[in-house]
Amino acid sequence: MYWEKEVETMDRSALAGLQLGRLNESLTRARGSAFYGKRFAGGASSEGAQPAYAGTPAQPGGYAGTPAKPAGSSIELSGLEELTDLPFTTKDDLRNAFPYGFLTVDLQEVIRLHSSSGTTGNPTVVFHTPRDIDHWGNLIARCMYTTGVRKQDVFQNMMGYGLFTGGLGFHYGAEKLGVMTIPIGPGNSKRQIWFLKHLKATVIHILPSYALRLYSFFEEMQLDPKKDLHLRIAFIGAEPHSEEIRRKIEELYGIKVYNSYGLSEMCGPGVAFECECQVGLHVWEDHFYPEIIDPVSGEVLPEGERGELVLTTLTREAMPLIRYRTRDLTRFLPGECPCGRTHRRIDRITGRSDDMLIINGVNIFPIQIEKTLMAIPEIGRNYLIEINKENFMDRLSVKVEINEEVFHGTLAELEKLQIKAVAALRAELGVTPNVKLVEPSSLPVSEGKVRRVYDYRGGEQGGL
Ligand code: AMP
Ligand code: ZN
């Protein structure tokens, strides 16, 4: 039942002791980076709490590969609660310190880089040492083992391999567990089904939206996953989804489905995971220290209140992050979990405190769409973004006015312009949107704050 019984069931006071020791090590290590070296130059004082690079424009390549050495007085916290005196780290901090500002080791110690989708301007990159990769793999093995995956299982990993952490993260974890892994990645549904059937996969890792979409291929092929496959377990994550969606996937496939949460900045998946009880996600507190804050005031909220999850890495070597604002909204669940694990549980993520959109697992900021459209001279300034559910998948649509001062073309040229806009957006976002070009001045204008995003996935009807 437990991959690492001692640490998973450690009593809370021993766990707090472990966390405090690791937190102090992380703070010392963090000060070896250019970013935290500067931020904590005067110790953990309020002066040090000023954002180190506020107002400094991002300079790609502005940070050398050699980390700064820790300087000045050290930061030694005598209790976990003192962490709240330290400032937050944000995605903008990561962007501004691109590429090496958070690195605490020589580049030659680094063996892996991952990057999150949905970044504007500089991407955010995350580096890993061999030990980081080892810890990450171990955490995934812990998650998989917790839900009953064993060596004799066959694991088909339908998450993207590459910069995205979903594919490789689970791959290494499954191998650590000793499970045969089929690194198929997403898409190509008929081939997925062929592998599922003939290699007798028992465990899958899949986007919830794709799990639902894949089912329609089973119907088309007149197969019933309940009868024609050997599936037992699915891990779903990378995008918000409801309890109803989980139950629906469980019903359609006749399997158990577990929620997997993570983000590239921490490692990727493996940060928080549902156990066999399926009542909230255990945050692996021996590796991450979680807090829930009010996203507006930044104050830590009383236990149980919903707010933004803030995470501090406790064991990361190449790139420790202190009080990282995830922007994900959740709450701590009260009480103990019947599974006997003592690590606190969070509720499923219900949304984000920023404007990031997640389209079939890919993170997108509306500003990326704006920037791409505005770089095309024949396109005007007013646009609308709509997101719908179509056959269980997210569908991104963009309505944009043409610029009549530049565009005087024929219908055929209009079509070409539309194709050009789709290609430019696809290159920027990594997803293919629907683009509809409309007459100048035909989209609504507002005197106040303009509303550009209409997300109909919650049930409201919409469509271009
Ligand atoms: P990335 O860094 O590209 O892997 O994206 C991480 C983001 O994906 C998180 O900050 C969440 O917003 C979202 N995400 C990941 N896992 C889940 C999950 N299980 N439920 C809801 N959202 C998730
Ligand atoms: Zn549990």
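Predicted model: local features only at pLDDT ≥ 70, side-chain atom pairs only at ≥ 80, totals over all residues.
Q: What makes the protein as compact as a globular protein of its length?
A: The protein has 12 helices and 20 strands. Its radius of gyration is 23 Å, and the globule rule gives 23 Å for 464 residues, so the protein is as compact as a globular protein of that length. Along the principal axes, the C-alpha atoms fill a box of roughly 70 × 60 × 45 Å.

Q: Which residues are closest to ligand 1?
A: Asn259, Ser260, Ser264, Asp328 and Asn363 are the closest of the 20 residues that surround the ligand. A residue is counted here if one of its heavy atoms lies within 4 Å of the ligand.

Q: What makes the pair between Asn259 and ligand 1 a polar contact?
A: A polar side-chain atom of Asn259 lies 2.8 Å from a nitrogen atom of ligand 1. The cut-off is a pair of N or O atoms within 3.5 Å, so this pair counts as a polar contact. A polar backbone atom of Ser260 is also 2.8 Å from a nitrogen atom of the ligand, and a backbone N or O atom of Ala238 lies 3.1 Å from one.

Q: How much of the accessible area of ligand 1 does the protein cover?
A: On its own, ligand 1 has 500 Å² of accessible area, and the protein covers 96% of it. The space taken by the ligand is the second largest pocket.

Q: Which strand gives the most to the shell around ligand 1?
A: Strand β7, residues 256-263, gives the most, with five residues. By type, the residues of the shell are seven nonpolar, nine polar and four charged.

Q: Why is the peptide bond from Phe98 to Pro99 called cis?
A: Its omega is near -5°, and the bond is cis. Most peptide bonds are trans. Pro99 is in the loop between α4 (91-96) and β1 (112-115).

Q: What is the phi of Arg323?
A: Arg323 is not a glycine, yet its phi is positive, at about 50°. Most residues other than glycine have a negative phi. Arg323 lies in the loop between β11 (307-313) and β12 (324-330).

Key: Residues numbered from 1 in each chain as written. Chains lettered and ligands numbered in written order. Heavy atoms only, no water. Polar contact = N/O pair within 3.5 Å; in protein donor to acceptor, adjacent residues only side chain to side chain. Areas by Shrake-Rupley, 256 points an atom, 1.4 Å probe, with all protein chains shown as cover. 1 Å grid on protein atoms, 1.4 Å probe; cavity = no way out; pocket = protein on both sides within 12 Å on 5 of 7 lines; lining within 4 Å. Sits in = over half its atoms within 2 Å of the grid points. Helix = DSSP H or I, 4+ residues; strand = E, 2+ residues; numbered from the N terminus. Nonpolar A, V, L, I, M, F, W, Y, C, P; charged D, E, K, R; others polar. Rg over C-alpha atoms; globule rule 2.2 N^0.38 Å.
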